[in-house]
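Dear colleague,

Please find the structure below, followed by an account of what was found in it.

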Amino acid sequence: MKVHHIPFQETGYFSSLISDYLDKSTKLTQFYGNFPEIEGFKKQIQLKQASFKSNSRAILTDALLKQYNASDISDLTLKNIKLLEKDNTFTITTGHQLNIFTGPLYFLYKIVSTINLTKQLKTQFPQHNFVPVYWMATEDHDFEEINYFNFKGKKVVWDRQSSGAVGRLDTNGFDAVFNVFANQLGNSINENYIKTLFENAYLKHDNLTDATRYLVNELFGEYGLVIIDGDATELKQEFSSIVKDELLNNTSFNAVSKTSEKLAENYNIQVNPREINLFYLKDNLRERIIFEDNVYKINNTSIVFSEEEILNEVTNYPECFSPNVIMRPLYQETILPNLCYIGGGGELAYWFQLKDYFSKVNTPFPILLLRNSVLLMSEKQLVKLDKLNITLEEIFSKQTNLIHKKIKEISDISIDFSQQKQFLEQQFSALKELAKQTDNSFIGAVNAQEKKQLNGLDTLEKRLLKAQKRKLADIVTRIETLQNQLFPNQSLEERTRNFSEIYLDLGPSLIPMLLEALQPLKLKFSVIEY
């Protein structure tokens, strides 16, 4: 295995906001706290240690042990849960939706980043303990985003009706999904493992939360990963005072709106806050809470609360209140002794909108770390890349641009008319000077003729390039085939493929390989040659 690194900023797949963050641009510094580097973590430990309540640790530990009650918990995970009771223990957290069979590959990279960062921090700060946490987005209700995964270019879909929080959905219908998936697999050791893993997760558990916990625990439990479900009464109780504040004062809306306005001066805004950023949650129901006509209404239902009634509801049934994308990060940071959130570019984009809100409710804003991104490349593919004289940086280019560049490089004739264009511009520059000395009205005609001549050269250049592409069609096909293998649908592999496809080749060495290769604080894109 070899690992090559490319700056995220040079891949072309990350926004200007993320690039500026990695470059520590002054345009962004007001929107986050400590930066993801060792000195930043030193400060964050002090910040969180001073603010996190000791009694919250006991509640958290009890809740986690209860959630793992029916699971085979590894010794290391159990040790980590019990360590959370200690004041010198902190979490590193990533979160993700309950995608079927983990969804896209980057789900693995998120968790590997989280585990590896805890190891690195333990080396740097041996007097403290660091626990990797995966936050299951059990309360999400975007079923269409999670009900499928891609396998060898085809969608494997869990097709059913859905309402309410996805974590509470029963697993009815997964037998049909399993049959579709299993029919695409043979009977090798690796294929049989994948089939058994899917079957045990989805056909032997009653709801999507339990199925996902089993699956992730099977993949990462031995590394001490702690899986948390925020849809728990005792954890929601810890958050109830903030829920009441939200209902009465619209605190998140006011703070996030102001921050978003400032952030929008330079960047696109990821999410827009509502006046109340809470859902009302029951089985088969997760609907927005709306304040209207001096009462609190549950959207799309006949449920109505007075102010006193809804505050009593929070006190007596805190589990019925579910934070949306604006408040979920605060919920996480309220119940966990967390130092850092690890996420993708889109996730971090909305976290940047939240710092002032965290300040308003006196909660430390966590360090934000861009997760590791990976391109997996076989030795054979790397050899092909070398034969085509394509660098690792170039393979990230848009396919049309890459092909044009390579055709120009290997063509035995020049397809670059820039010299001719420069010569033409010089000739017309002299004509413009002549026009100024005779008749200024003549300049318009000169400009028009210059544009026509330059456009003509552009057309000739494109026709010549097209002719050379036909002549070198074999090279073009080889480039297209290789890049399509590495970037399915002209997108990052990690956003499309499922881990099972890679597991067929690498087997149980897949996750150990990733754990060895990925360096979360390096802040670069990883190309892993295997």
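Which helices each supply at least two residues of the lining of the second largest pocket? They are helix 3 (54-67), helix 9 (208-220) and helix 10 (233-249), helices being DSSP runs (H or I) of at least four residues, numbered from the N terminus. Helix 9 gives the most, with 6 residues.

This is a predicted model, in which local features need pLDDT of at least 70 and side-chain atom pairs count only at pLDDT 80 or more, while totals for chains, interfaces and linings use all residues. Residues are numbered from 1 along each chain as its sequence is written, and side-chain values use heavy atoms, with hydrogens and water left out.

A pocket here is an open set of points on a 1 Å grid over the protein atoms alone, where a 1.4 Å probe fits, with protein on both sides within 12 Å along at least five of seven lines; lining residues have an atom within 4 Å of a point. The second largest pocket holds about 530 Å³ of space, the volume being that filled by probe spheres set on the points. Of its 22 lining residues, Gln 67, Thr 209, Asp 210, Arg 213 and Asp 229 lie nearest the centre.

Elsewhere, Lys 406 belongs to helix 17 (residues 399-410). Lys 406 counts as buried because its relative accessibility is 3%, and buried means under 20% relative accessible area (1.4 Å probe, protein chains only). Beyond neighbours within four places in sequence, Lys 406 is in contact (heavy atoms within 4.5 Å) with Leu 388, Asn 389, Ile 390, Glu 394 and Ile 479.

Yours sincerely

Technical notes:
Buried < 20%, exposed > 50% of the residue type's maximum accessible area, 1.4 Å probe, protein only.
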